[in-house]
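Thanks for coming. Please have a look at it first.

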Amino acid sequence: MAFIEIRGLQKSYRVYQKQEGLLASLTGLFHREYRNVHAVQGIDLEVEKGEFVAFLGPNGAGKTTTLKLLSGVISPSAGEARVMGFVPWERTNEYRRRFALVMGQKNQLWWDLPAAESFRLHQQIYAIAPTDFDRTLGELTDLLDVGKLLNQPVRELSLGERMKMELIAALLHSPEVLFLDEPTIGLDVIAQHNIQKFLKHYQEVRRVTILLTSHYMKDVAALCQRVVVIAEGQIMYDGSLAGVVDRFSTHKVLTLQFAGDQIPSDLDQYGELIEAVAPKVKLRVDRTEIPKVLAALLAGHTIEDVSVEDPPLEEVIADLFVQSSEQAGKKSKEVLAVGHSGR
Amino acid sequence: MHNFLRYPRLFYTFARNSLIRDMTFRANFLIEILSNIGWMAMNLGFYILVFSYTKSIEGWDQYEFFVFIATTMFINSLVQGLFMPNAQELSELVRTGGLDYALLKPIDTQFMLSLRRINWSSLGNFFVAGILLAYALQHLDQTGFHPVQYFLYPFYILCGVLILYSVMFSLAATSIWLGRNQSLYDFWFYITNFSRYPMEIYGGNALGSSLRTIFTFVIPVLIVINVPARMMAMPMKPEYNYLATFAIVATVVSLVASRWIFKRALESYRSASS
């Protein structure tokens, strides 16, 4: 059995459809319209021990819901999951001692107390032996370079410093599985980079299994060998990050530098002109046409330099999200059967 | 570390962290203590005034009634100090999704949510209650008291605290179903309003006795203070044994019910958006 195993996992919510305005609010006291939101619609996934997997997807795709299901915070509507052999939503203490969840948008440290006090509390909650606790805390504070901040009230820390403390709190009990939900959200580039560096190092040394959701493609590119793209509660892609580009991008970007200061006027026939600042030109060309286009260009013009590149990953992913939400838009019109119910 | 030692230790750390936090805002801390004590002093003053007009309220004379007030203060300070801030926070945790982190911890979730914040300033009243009780007992004629009453008194205070805790926690747990339930303070006011008088006053007419029946047997808040207070203020009488026995049953049933309600409510926890 895989380390993490998910079969047909589903989660639906019933959401009160609130209409705008006071009158509608009054009506809503007696008669409410509900809509079923299918946050996760049948996910199958297997993750092996020591993998670092990224969940990519637009807002509301079901990434966070999946992590919450795997952490046992909520129970599924259907389907099953096993993490290290445990059913997460049974919430056994044995399971809860062996994983951690970090949410970039929620904090668990005592706001008015120094982080050191919250860490002590964690030591007792997780029953960590004092020697292990001191060693782990020492290592983590060194790695994240926050030794001097341990005795400062959490409310006086910067967002980046606080995130580091949250990570330490989550890692004190040396979890074997780590769920990270947007751990770098709202951080500046340097802080983001520091957290990435730390996570990469930590995962390499400890061989923990990590599932990460993030909106920052840089996080994903820096950390994960495997990417799972989720949209509208379903898995659209599962494989390497480079594979996303191969699979979903239909074009490549051709950069040409012509001799002299002139740009030929007949470039439109080869592909879409993205940028033209003489003597340089960027063309968007269909992948399958590349050899033909290159040959024709080189034959017809004097070209000093040429490069063929994949489009930026962000762009591919963004296109993918747009496509999938358009598809889902068609589908959800059917799903959007509004349930009427009085209350 | 032994399992049964873990929870007392955790409680100690919760209490310690809360005290550190309260001390950080020391002016606020002192004002809270003083206003709590002031409120109880005004209550006491009111009854001293009442007793200047009458010798007894339905069989409770002045010093017996002081025992009753001291008992009220003991129980209220314990409930407000230990459980009130947690019950209030639970509603907030549900609304903001902060309950997620509590559910991740490998300890009993109800224990954690019930005791992680302690409001030390409310416990100030506990000491005032001690002084009041000592003063009342000095003036009270204790002939006919059975020695066991002095041991049963703290036991029944504990029962009273646990009953109020159960009612309060069950109510707070409903916020998991409702998404939000901030009626706790109001509720606390209504309940303590009923429970802080001797149950004898709910006699006589049909309204009084039906209130008495409901708040003794359905929501057992009347016995919370009445049973321990009588235990310390008057000699034991066989006709009150049934009430004392019922108080134990009510404590156990309330605790079990609160746990059941909490577990049921958790099943429908949705976790607010992140």
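By contact I mean heavy atoms within 4.5 Å. On that basis, 33 residues of chain A are in contact with 33 residues of chain B.

Some housekeeping. This is a predicted model, where local features need pLDDT of at least 70, side-chain atom pairs count only at pLDDT 80 or more, and totals for chains, interfaces and linings use all residues. Residues are numbered from 1 along each chain as its sequence is written, chains are lettered from A and ligands numbered from 1 in the order in which they are written, and side-chain values use heavy atoms, with hydrogens and water left out.

Back to the interface. Buried area is the accessible area, with a 1.4 Å probe, that two parts lose on being put together, summed over both. Chains A and B bury about 3,100 Å² between them, and 57% of that is on carbon and sulfur atoms. Of the area that chain A buries against chain B, 22% comes from A:Trp110, A:Gln124 and A:Ile125, more than from any other three residues.

A salt bridge here is a side-chain nitrogen of Lys or Arg within 4 Å of a carboxyl oxygen of Asp or Glu. How many are there between chain A and chain B? The count is three. B:Asp100 and A:Lys106 meet in a salt bridge at 2.8 Å, N to O.

Helices (H or I, at least four residues) and strands (E, at least two) are DSSP runs, numbered from the N terminus. On chain A, strand E1 (4–16), helix H2 (63–71), helix H3 (93–96), E5 and H4 each supply at least two residues of the side that touches chain B. The largest share, five residues, comes from H4(A).

Next, helix H6 of chain A, residues 159–171. The expected span of a helix is 1.5 Å times one less than its number of residues. For the 13 residues of H6(A) that should give 18 Å, and the end C-alpha atoms are 18 Å apart, which agrees.

Buried means under 20% relative accessible area, exposed over 50%, and partly exposed in between, with a 1.4 Å probe and protein chains only. Eleven of the 13 residues of H6(A) are buried, so the helix is largely enclosed by the rest of the structure. Its buried residues pack against several elements, including helix H7 (189–206) of chain A and helix H5 (99–104) of chain B.

The loop between H6 and E6 of chain A holds A:Pro175 and A:Ser174. A:Pro175 is buried, at 3% relative accessible area. Its contacts beyond four places in sequence include A:Phe99, A:Tyr202 and A:Val208. A:Ser174 is partly exposed at 33%, and its phi is near 50°, a positive value in a residue other than glycine. Most residues other than glycine have a negative phi. A:Arg207 also has a positive phi, about 55°; this residue is in the loop between H7 and strand E7 (209–213) of chain A.

Finally, salt bridges over all chains: the search finds 21. A:Asp238 and A:Arg226 form one at 2.8 Å, N to O. A:Asp238 is in strand E9 and A:Arg226 in strand E8, so the pair ties together parts twelve residues apart in sequence. In chain B, the closest N and O atoms of B:Arg230 and B:Glu200 are 2.2 Å apart, and both residues are buried. A:Asp112, A:Arg155, A:Glu156 and B:Arg21 are linked in a network of salt bridges.
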